[in-house]
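Welcome, and thank you for taking a look at this structure.

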Amino acid sequence: MNAAAGIATVAAFFPDDFELRLCDEIVEPVDYDDPAEVIAISVNIAQAAGAAIIARRFRAMGRTVILGGAHVSLAPDIFEGVADCLVLGEFEQIADDVVADIADGTLKRRYQGGKADLGNARMPRWDLYPNELALAGVVQTSRGCPFDCNFCDVIQYLGRVQRHKPPELVIHEVQALYDLGYRQINLSDDNFTVYRQRTLVLLEALAAWNGADGRDPVSFMTQMSIDVARHPELLAACNRAGLRFGFVGLETSNIEALKESRKRQNMRIDLVEQCEKVVRAGVSLQAGLMIGFDSDDLSCFERQFDFAMALPIVVYRLSVLVAPIATPLYDQMRAAGRIVEEPSLVPVTSGSSLTNIQPAQMSREQLGEGAEWLRHALLDPGNAIGRFERYAQLLGDMPEHLTQPDRRDPAARSHPFMELFSVMARDPAARRVIDCVRDLAATRPTLRGDLMQALGLYLNSYARQPRKADLPRMSAVAS
Ligand code: B12
Ligand code: SF4
């Protein structure tokens, strides 16, 4: 899992006379015995219900609770009454006021942040974070995205004008994470590659740093849009920098659906061909796929399956189309009377099978069942093996200096997925995939790290899927 940059960044704005402690409940339990007077909680949509429980418990003990983060910023009203204070938006520009008001005991009920200048971003307080429990470090090199996909709330949260952290600050943060022992770092941008010139400059700085001056190689990952494939020089720079994994929102092979969701960067191109170019350049892809667009009928599940199987990609994040609050899609659905679940502390997230809208050409349940079928079909070991073979055959080599072995103490460098591999090896079907990937890795030893990483991500999803003996057959879904 990734270290949490939000809390480490907020901590950087508190002066030394505050005694701070960071807790990431994804990796450790919340310590209700902690005597802190002020509890500040960072909340995304998946954490809303849990955050409300934690907030209420601390408030019942007389503590002051502050909530901030993506979902508090986008859906503040659902948190009204849950905490003493809500901080909306980015923290940087209002940090001094909030900190002073905490010190004076004069906290207001709400603060509205502005757009931070990343040119003078502070180093997150990773020294306070439980780094030994996280797998990947996190550095945010930009905020915002210039595209306008109508289901995405990034624009409302961070804006369409992308702001950039200067390369020297990025390298400074990367070095700090390296010194703490991280050899995987997530560049946690919304769209890392969209401003080509700045990305090229940053990638060159990362390439000059990575594996140089006696350092071990670091594997970077990020989110990108598929237009990256049109620029071979950018792909080559990704490879030189050690950017090994990219998440890309492909969403659908249905052109009408791309049009209706304003995903213009995915139109008028052959998505399969574009993904092949990226993988050939040595960047493994994970992709987001969506179903349930207005132009999707019941054939969408099989069509998406065929699309996914044609791509050189093993791991997918599959979502039913959800209209998150604050997005253009939400407004459109509300105006059409198609919002069937109002925003609440137990919200529908993009990872759920039941959407919060009434689909146009099927029932919500049919969409949910179709999504389950598709998820299982993509995770099916036989199907996954086919995709692993294609991916391993296409994946481009990495630069020589990044293939050097990691020289850390063996205890510090045991493979993050090792335990998962040994548990899953007891499942005969999963075992077939593990054996296949080991064989593939033997034929491409320098790419072993990438293949094992993809295997870990695949097994992680495979292990979590609900065991359903009788999946809905496509005929049932399509009837
Ligand atoms: C990296 C990332 C991940 C990573 C790592 C998460 C982690 N451990 O931090 C992974 C891949 C695991 C992930 C998973 C998910 N993510 Co995510 N993720 C991001 C991403 C790209 C960057 C987050 C980041 O590093 N920010 C850097 C820090 C410095 O900034 P920040 O968190 O925005 O915080 C700022 C302010 O909000 C404020 N602040 C934050 N917390 C607090 C707290 C207090 C008290 C105060 C005062 C201020 C404050 O200060 C910070 C500086 O200004 C964002 C998009 C984005 N650009 O924000 C999406 C984003 C946060 N994720 C999102 C979603 C939906 C998810 C998932 C639910 C996806 C899914 N369907 O499974 C899961 C949830 C997993 C979970 N259980 O938490 C949404 C959240 C939308 C919402 N309404 O909440 C976002 C905004 C992207 C999007 N629109 O889709 N995610
Ligand atoms: S490209 Fe990604 S981050 Fe940008 S608007 Fe579309 S979905 Fe959101």
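## A pair of strands to start with

Strand β1 covers residues 38-42, and 5 bridges join β1 to β2 (residues 64-68), with the two strands running parallel. Strands here are DSSP runs of E with at least two residues, helices are runs of H or I with at least four residues, and both are numbered from the N terminus. Two strands pair if DSSP finds at least two bridges between them.

Are these strands covered or open? In β1, 4 of its 5 residues are buried, so the strand is mostly covered. A residue is buried if 20 or more other C-beta atoms lie within 10 Å of its own, exposed if 12 or fewer, and partly exposed in between, with C-beta atoms placed from the backbone. Strand β2 is largely enclosed by the rest of the structure, because 4 of its 5 residues are buried.

## How to read the model

This is a predicted model, in which local features need pLDDT of at least 70 and side-chain atom pairs count only at pLDDT 80 or more, while totals for chains, interfaces and linings use all residues. Residues are numbered from 1 along each chain as its sequence is written, and chains are lettered from A and ligands numbered from 1 in the order in which they are written.

## The whole protein

The protein has 18 helices and 12 strands. Its radius of gyration, taken over C-alpha atoms, is 23 Å. The globule rule (2.2 Å times the number of residues to the power 0.38) also gives 23 Å for 479 residues, so the protein is as compact as a globular protein of that length. Along the principal axes, the C-alpha trace spans about 60 × 60 × 45 Å.

Of the 479 residues, 42% count as buried. Two residues are in contact if their C-beta atoms, placed from the backbone, lie within 7 Å. Among contacts with a separation of 6 or more, 75% come from residues 24 or more positions apart.

## Two domains

The domain assignment gives domain 1 (5-112) and domain 2 (135-391); such bounds come from an automatic or database assignment. The C-alpha centres of the two domains lie 28 Å apart. Where they touch, domain 1 gives 11 residues to the contact and domain 2 gives 14.

Which elements give two or more residues to the side of domain 1 that touches domain 2? They are α2 (48-60) and α3 (70-74). The residues on that side of domain 1 divide into 10 nonpolar, 1 polar and no charged. Here Ala, Val, Leu, Ile, Met, Phe, Trp, Tyr, Cys and Pro count as nonpolar, Asp, Glu, Lys and Arg as charged, and the others, Gly among them, as polar.

## Around ligand 2

The shell around ligand 2 includes C145, C149 and C152, as well as F147, D148 and D190. A residue is near a molecule if its C-beta atom, placed from the backbone, lies within 6 Å of it. The shell divides into 6 nonpolar, 3 polar and 2 charged residues.

## An enclosed strand

Strand β9 (219-224) has 6 of its 6 residues buried, so it is largely enclosed by the rest of the structure. Both faces are covered: S219, M221 and Q223 are buried on one side, and F220, T222 and M224 on the other. Strand β8 (residues 184-187) pairs with β9 in the parallel sense over 4 bridges, and N186 stands opposite M221.

D213 sits in the loop between α7 and β9. D213 is exposed, with 6 other C-beta atoms within 10 Å, and its phi is near 50 degrees, a positive value in a residue other than glycine. R262, in the loop between α9 (255-260) and α10 (271-280), also has a positive phi, near 60 degrees. R262 counts as partly exposed, with 16 C-beta neighbours inside 10 Å.

Finally, look for E251 in strand β10 (residues 243-251). E251 counts as buried, with 24 C-beta neighbours inside 10 Å. Leaving aside residues up to four places away in sequence, E251 touches L258, K263, N266, G288, L289 and M290. The C-alpha atoms of E251 and D213 are separated by 41 Å, and the two residues are 38 apart along the chain.
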